[in-house]
Amino acid sequence: MLARNTFYSAQELNKLHRKPIEVICYHCAQSAEKYLKAFLVFHGVVPEKIHKLIILNENCIKIFNDFNNIYKECDLLSKYANEVRYPHSMKIEEEDIARAITAAERIRDFEPIRSLIDMIEKESKPK
């Protein structure tokens, strides 16, 4: 699953001595975006071709209101989805890594998404 691999990349990059902070935070945002889009697709919604996690989350809320519970995480990661890719548009520091990873983990582990991941992984295992 792309979302899992993207998040795994962020975790592995975080182990480096010289951490690419912007890249790690960007991968966390990308992971969350993929999880949200997977949820929408599973429920028959074609997600917009956007990187705005807040809008994707609002679309998920229309399906399942509990997505309000991860609004803060989506809001936090949104700034890493776009702004971090452009030099000097925002200053981020090593502390941002922990916040980004925690937010991405909360989205990944959010029950509706976790259930979807478990189902996909179960179906993809050889019988």
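Predicted model: local features only at pLDDT ≥ 70, side-chain atom pairs only at ≥ 80, totals over all residues.
**The aromatic rings**

Let's begin with the rings. Across the whole structure, a search finds three aromatic pairs. In one of them, the ring centres of Phe-39 and Phe-67 are 4.5 Å apart and the planes meet at 50 degrees, so this pair is tilted. Where do the two partners sit? Phe-39 belongs to helix 2 (residues 21-42), while Phe-67 is in the loop between helix 3 (53-63) and helix 4, so the pair ties together parts that are 28 residues apart in sequence. Both of these residues, Phe-39 and Phe-67, are buried.

Phe-67 also pairs with Phe-64: here the centres are 6.5 Å apart and the planes stand at 85 degrees, so the pair is edge-to-face. Together, Phe-39, Phe-64, Phe-67 and Phe-110 form one aromatic cluster.

Is Phe-64 buried or partly exposed? With a relative accessible area of 34%, Phe-64 is partly exposed, whereas Phe-67 is buried at 0%. Buried means under 20%, and exposed means over 50%, with partly exposed in between.

Ile-63 lies in helix 3 and is partly exposed, with a relative accessible area of 33%.

Now let's turn to Ala-81 and Asp-96. Ala-81 is placed in helix 4 (residues 71-81), and Asp-96 is found in helix 5 (residues 94-109). Ala-81 counts as buried because its relative accessibility is 0%. Asp-96, at 7% relative accessibility, counts as buried too.

Which residues does Ala-81 touch, leaving aside neighbours within four places in sequence? Its contacts are Tyr-26, Ala-29 and His-51. Ala-81 and Lys-52 are 29 residues apart in sequence, and their C-alpha atoms are 7.4 Å apart in space. Asp-96, not counting residues up to four places away in sequence, touches Cys-25, Lys-79 and Tyr-80.

Here are the accessibility values side by side.

| Residue | Relative accessible area | Class |
|---|---|---|
| Phe-64 | 34% | partly exposed |
| Ile-63 | 33% | partly exposed |
| Asp-96 | 7% | buried |
| Phe-67 | 0% | buried |
| Ala-81 | 0% | buried |

Conventions: Residues numbered from 1 in each chain as written. Heavy atoms only, no water. Helix = DSSP H or I, 4+ residues; strand = E, 2+ residues; numbered from the N terminus. Buried < 20%, exposed > 50% of the residue type's maximum accessible area, 1.4 Å probe, protein only. Contact = heavy atoms within 4.5 Å. Phe/Tyr/Trp six-rings, centres within 6.5 Å; stacked < 30°, edge-to-face > 60°.
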